[in-house]
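Visitor: I am new to this structure. Could you take me on a close look at its aromatic rings, please?

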Amino acid sequence: MFDRRQFLTNTVATLCAAVVLSAPGLAMAADEAPEVFIQRIANESLNTIKADKSLRSGDISKIMQLVDTQVMPHVNFRRMTALATGPAWRKATAEQQKRLQEEFKVLLVRTYSGALNQITDQVVVVKPLRPGQQDKNLVVNTEVRGKGDPIQLDYRLERTPGEGAGWMIFDLNVLGVWLIENYRNQFTKEINAGGLDALIASLAARNKSNAKAS
């Protein structure tokens, strides 16, 4: 039986992993057009994954190292976490915000590791940029093509002139499901049930369980 929710989760994870492994190229680039930026990192990352057996097998320590040293400077993870948390983020203490970012990051990275071995012969086709968009919330639409039907993958970017490639990624949309919106729905239920500390505890417990299973 086809499990659409699981399919979306795996697909998001796989393509997020592609972004994770693109960081070396980001560090070298000057400011680029957003569609050029996305096409380049997609090509670089897919080639890196295909060529590295340890990445394809989901080496969590190697992925964590890449995220910590090369990816985080090019992803607005604070904004991503804040948007996923919703209005409660503004009421959180500095320590709660720090813990939320830490646990959310571990959750995403472990999700990536479980999806890396799904990458085989995919290519990413970037579509023409829609006019009239604002730099603080710009969407680049792409399709991931390989075996089976094409997969819609959209990147939400913000402009960062003079930093990295001139853009930072803060959200992804796969088959109409935005990553932040998906997690915000989950996080809101946890917060409504027990507050921010309950959400942090839930994420920590999930990460601990995932670590034992890996």
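Guide: Phe77, Phe104, Tyr183 and Phe187 form one aromatic cluster. Rings of Phe, Tyr and Trp (its six-membered ring) pair if their centres lie within 6.5 Å; planes under 30 degrees apart count as stacked, over 60 as edge-to-face and the rest as tilted. This is a predicted model, where local features need pLDDT of at least 70, side-chain atom pairs count only at pLDDT 80 or more, and totals for chains, interfaces and linings use all residues. Residues are numbered from 1 along each chain as its sequence is written, and side-chain values use heavy atoms, with hydrogens and water left out.

By the pairing rule, the count comes to four aromatic pairs. One of them joins Phe77 and Phe104, tilted, with 5.6 Å centre to centre and 35 degrees between the planes. This pair links distant parts of the chain: Phe77 belongs to helix H6 (residues 77-85) and Phe104 to helix H8 (residues 94-113), 27 residues apart. Helices here are DSSP runs (H or I, at least four residues), numbered from the N terminus. Both Phe77 and Phe104 are buried, meaning under 20% relative accessible area with a 1.4 Å probe, protein chains only.

Next come Tyr183 and Phe187: their ring centres are 5.8 Å apart and their planes at 50 degrees, so this pair is tilted. The two residues are four apart in helix H9 (residues 179-194), so about one helical turn separates them. Tyr183 counts as buried because its relative accessibility is 9%, and Phe187 is buried too, with a relative accessible area of 1%.

Definitions and conventions. Buried < 20%, exposed > 50% of the residue type's maximum accessible area, 1.4 Å probe, protein only.
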